[in-house]
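Colleague: Could you walk me through this structure? I am new to it, so please take it slowly.

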Amino acid sequence: MTLALYNTLSRRVEPFTPLAPPRVTLYTCGPTVWNYAHIGNFRTFLFEDLLRRYLVYSGYDAFHIMNLTDVDDRTIKAAAAAGKRLDEHTAPFVQAFFEDRDYLRIQPAHAYPRATTSVPAMVRLVERLLERGVAYKGEDGSIYFAIAKFATYGRLSRLDTRELKLGARVASDEYAKDDPRDFALWKKAEPADERVGAAWDAPFGRGRPGWHLECSAMSLEQIGQCCRTETLDIHAGGVDLIFPHHEDEIAQSEAATGQPFARYWLHGEFLNVRGTKMSKRFGNFLTARDLREQGVDAAAVRLLFWQTHYRKALDFTDEALAAAAVGVKRLGEFYERVKRETGNGNRHGRLAELAAKFETDFRSALDDDLNAPRACAALFQLVHDGNAALDAGASGAAAAIEVLDRAMGVLDILPTSKALDPALRSWVEERIAARDKARKAKDFKEADRIRAELLAKGVEIEDTPSGTKWRLV
Ligand SMILES: [Zn+2]
């Protein structure tokens with residue numbers, strides 16, 4: 001069996017064959033850096049991480065591009081509300097996105113083109129569309145894409161062409177599914193854009209790019225540079241992007257190049273945050289940093305997400321997260337146990353057989369449209385059967401650990417070693433210093449409070465003649 005993926009374009013699971021194997025060009029729509037990314041956004045980014053890691057596991061050479069939307073309707077509005085220039089407003093959110101990505105163990109993309117530094121490519125794309133007669137200047141001074149000139153408009157989202165409001169226009173980046181109209185490629189600069197520094201000169205008038213144009217221009221520029229092609233192997237994003245965003249990306253790109261824009265379109269489903277405790281604390285807006293600040297192990301978040309197929313909606317609850325944390329702990333204990341047994345260099349035996357069977361199941365699950373829930377079920381079957389085999393003195397650990405390491409290269413759900421977590425270490429050291437200060441000032445109440453604070457995070461301290469020592473309990 002080989003990898004098969006559900007292609008939104010055909011509404012079918014299709015065998016995956018890239019244009020020029022082993023290379024796979026993968027473009028994923030990145031965050032709009034007007035604010036912190038929501039954990040729902042990260043569900044999409046994690047599904048894309050699984051996809052990319054499994055492509056590599058399967059022997060492909062993936063080139064992953066993720067854009068950063070640092071100019072659009074929302075970023076301009078947010079910058080204006082904060083009284084800042086666009087780049088001042090977005091810079092900390094770009095930084096936060098990378099920190100959250102690293103916390104969640106998402107592998108960095110090979111390229112992160114930014115909209116604000118890719119404007120020349122966008123201007124060139126608009127010029128191409130104007131030359132081909134599929135774009136026009138509206139009386140408001142903005143440049144629009146004429147959907148009537150692109151015969152296959154609506155193919156991805158399966159819009160009934162009779163619904164198209166031909167000649168009617170929409171200027172905003174986001175618009176309703178039942179409202180397909182000519183959309184803005186380039187928006188004439190308004191005083192509000194100029195105030196935050198979101199306007200550029202172009203031969204067809206000073207203005208700023210529309211959100212949809214940005215992704216077309218950045219992806220085509222990147223794959224042109226890296227791979228001399230105008231067709232992506234895979235384009236992925238959340239289901240909410242199918243219309244209008246991805247539909248418009250196809251229209252702009254294909255009308256300009258005359259080539260298919262992307263061969264496989266993959267879309268991840270929504271995440272619902274319904275945990276009563278969580279929703280009380282955070283409302284419906286939960287960021288990756290909220291989880292990190294609560295000391296949640298990223299491995300548990302990853303396992304929780306893998307346990308629901310990427311094309312099914314997932315409810316994020318405290319209970320589900322706690323259950324995933326238990327699973328991660330069990331897996332970590334099993335992994336350490338197998339590792340301890342590898343000293344004998346034993347490659348054969350019951351444990352090796354179980355691991356080989358697991359790897360077959362793991363592969364057939366993920367080959368089947370990235371069925372991670374089934375892959376995880378096979379993994380925990382191995383944990384169960386492997387523990388029993390080890391209890392009975394089975395050998396084969398050296399082979400088993402290699403299988404586990406390969407699988408972890410895809411799932412990456414071994415528990416984070418807390419002692420090695422630099423954020424925890426620096427926090428503990430800072431707290432111990434604060435307690436020392438309190439003790440020197442004879443504020444024993446505060447010193448006791450800090451001791452309790454540390455204990456609440458699982459850190460036990462002991463005062464010795466050579467200073468305060470700490471350990472995790
Ligand atoms: Zn996009």
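**The zinc site**

Modeller: In sequence, the donor residues of the zinc ion follow the spacing C-x185-C-x29-H-x3-E, where donors are N, O and S atoms within 2.8 Å of the metal (3.2 Å for Na, K and Ca), and water is not among the atoms, so sites may look incomplete. This is a predicted model, in which local features need pLDDT of at least 70 and side-chain atom pairs count only at pLDDT 80 or more, while totals for chains, interfaces and linings use all residues. Residues are numbered from 1 along each chain as its sequence is written, and side-chain values use heavy atoms, with hydrogens and water left out.

Colleague: Which atoms are the protein donors of the zinc ion?

Modeller: They are Cys29 (SG), Cys215 (SG), His245 (NE2) and Glu249 (OE), lying 2.0 to 2.7 Å from the zinc ion.

Colleague: New topic: what classes of residue are in the lining of the second largest pocket?

Modeller: That lining has 15 nonpolar, 13 polar and five charged residues, where Ala, Val, Leu, Ile, Met, Phe, Trp, Tyr, Cys and Pro count as nonpolar, Asp, Glu, Lys and Arg as charged, and the others, Gly among them, as polar. A pocket is an open set of points on a 1 Å grid over the protein atoms alone, where a 1.4 Å probe fits, with protein on both sides within 12 Å along at least five of seven lines, and lining residues have an atom within 4 Å of a point.

Colleague: Which residues lie nearest its centre?

Modeller: Of the 33 residues lining the second largest pocket, Thr32, Asn41, Arg74, Asp240 and Leu241 lie nearest its centre.
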